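Student: I would like to learn how to read helix packing in a model. Could you walk me through it?

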Amino acid sequence: MTEITTTLTRTPAARPADAALSFGKVLTDHMFMMNYTAGKGWHDPRVVPYAPLSLDPATQVLHYGQAIFDGLKAFRGPDGQIRLFRAQRHAERLNKSARALCIPELDADLVRRSFEAIVAVDNEWVPHAMGTSLYIRPTVIATDVMLGVHPSATYTYFVICSPVGAYYKEGVKPVRILVSDNHVRAVQGGLGEAKTAANYAASLSAQLEAEEAGYTQVLWLDGVERKYIDEVGTMNIMMQIGDEVITPPLAGTILDGVTRNSCLQLMRDWGLKVSERKISIDEVMAAGRDGSLREMWGTGTAAVVSPVGELGYKGEKVSIGNGQTGLLTQKLYDSIIGIQYGTAPDAHGWTSVVKV
Ligand code: COI
């Protein structure tokens, strides 16, 4: 088994109080690093003190965006144990993104061990309060120094961690979402299902427009017909119309969300009618008008399960569930966090305890 070396910081930083945590503003004392060199493969896995990276201005990632990342969380349960949620699936998804960006795949077991190693070293940074967690951000960047456009021959993998609270300022209260009708995020055959910097850069102008109009996030329509719903900027989207739970299918343009997959599994366990199918924005708005759109929510590692209380599209607004969190949304949220914090049975073996 590849050995991971550890060098501890001599200057630990002050940790914020749990009540002061928002999302991603504070970083922990250490980071995990590993390098790739053509001919040598991935090498030198190590935990080192958190520090800035020094990059030549001609480094490939800065120009052509050959970069991937993922995001998962570690939770401190009331029993004092720290658990990772679906670490192996996140490691495998990182490799899926790597394939899309011509980045050499990593050993998924070593990636999972990198999560465990950094959390073990920075275990005191895992916050205690319910609703808080340690967000883990594995990233790969292309590091060749060159201005020609082709896949890099060298890469750096790093994992940084941030103690976090709720992603949205609304906390777990319903958010308002604007359907984007003049921007697109992804098309089939593109990078939509990869977790890559470009997708988030492409979302910024629409996100700004939504915020200026008083919304929290953007709901993307498909990039060709601008008819079918795809996903929200930072989460997958689901809804209940009548007795059918609907979410867009994994058809190459949306992220294969780990929380999405977990919620679908739970709802199937509960015997609900769940469809992964294309759904047009016209069908959603019509259901909003006639009252059959009972609930809508987003799923994501950062967002967890976030109720959607209002949808805006082409100047029309539909209120969902009177702007209140629906029963199914609440049940999903409670079930997911119960598993994550170790207070509910983990029937699918999604969590793994970190040895500290
Ligand atoms: C996540 O949910 O892990 C994300 O990556 C969303 C966002 C913070 C970029």
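Tutor: Gladly! Two packed helices are described by the angle between their axes and the distance between the axes. Here, helix α6 (residues 258-269) packs against helix α8 (residues 327-340) at about 110°, with axes 11 Å apart. Axes are lines fitted to C-alpha atoms, for helices over the stretch in contact, and angles run from 0 to 180 degrees between N-to-C directions. Helices (H or I, at least four residues) are DSSP runs, numbered from the N terminus. That angle makes α6 roughly perpendicular to α8 (65 to 115 degrees; under 35 is roughly parallel, over 145 roughly antiparallel, the rest oblique).

Student: What should I know about the model and its numbering?

Tutor: This is a predicted model: local features need pLDDT of at least 70, side-chain atom pairs count only at pLDDT 80 or more, and totals for chains, interfaces and linings use all residues. Residues are numbered from 1 along each chain as its sequence is written.

Student: Which residues of α6 and α8 make the contact?

Tutor: On α6 they are T259, S262, C263 and L266, and on α8 they are L332, S335 and I336. Contact means C-beta atoms, placed from the backbone, within 7 Å.

Student: How do α2 and α3 pack?

Tutor: Helix α2 (residues 87-100) and helix α3 (residues 108-121) pack at about 125°, with axes 9 Å apart. That makes α2 oblique to α3.

Student: Which residues are around the ligand?

Tutor: A residue is near a molecule if its C-beta atom, placed from the backbone, lies within 6 Å of it. Around the ligand are G71, Y200, T234, G300, T301 and A302.

Notes
Helix = DSSP H or I, 4+ residues; strand = E, 2+ residues; numbered from the N terminus. Contact = placed C-beta atoms within 7 Å.
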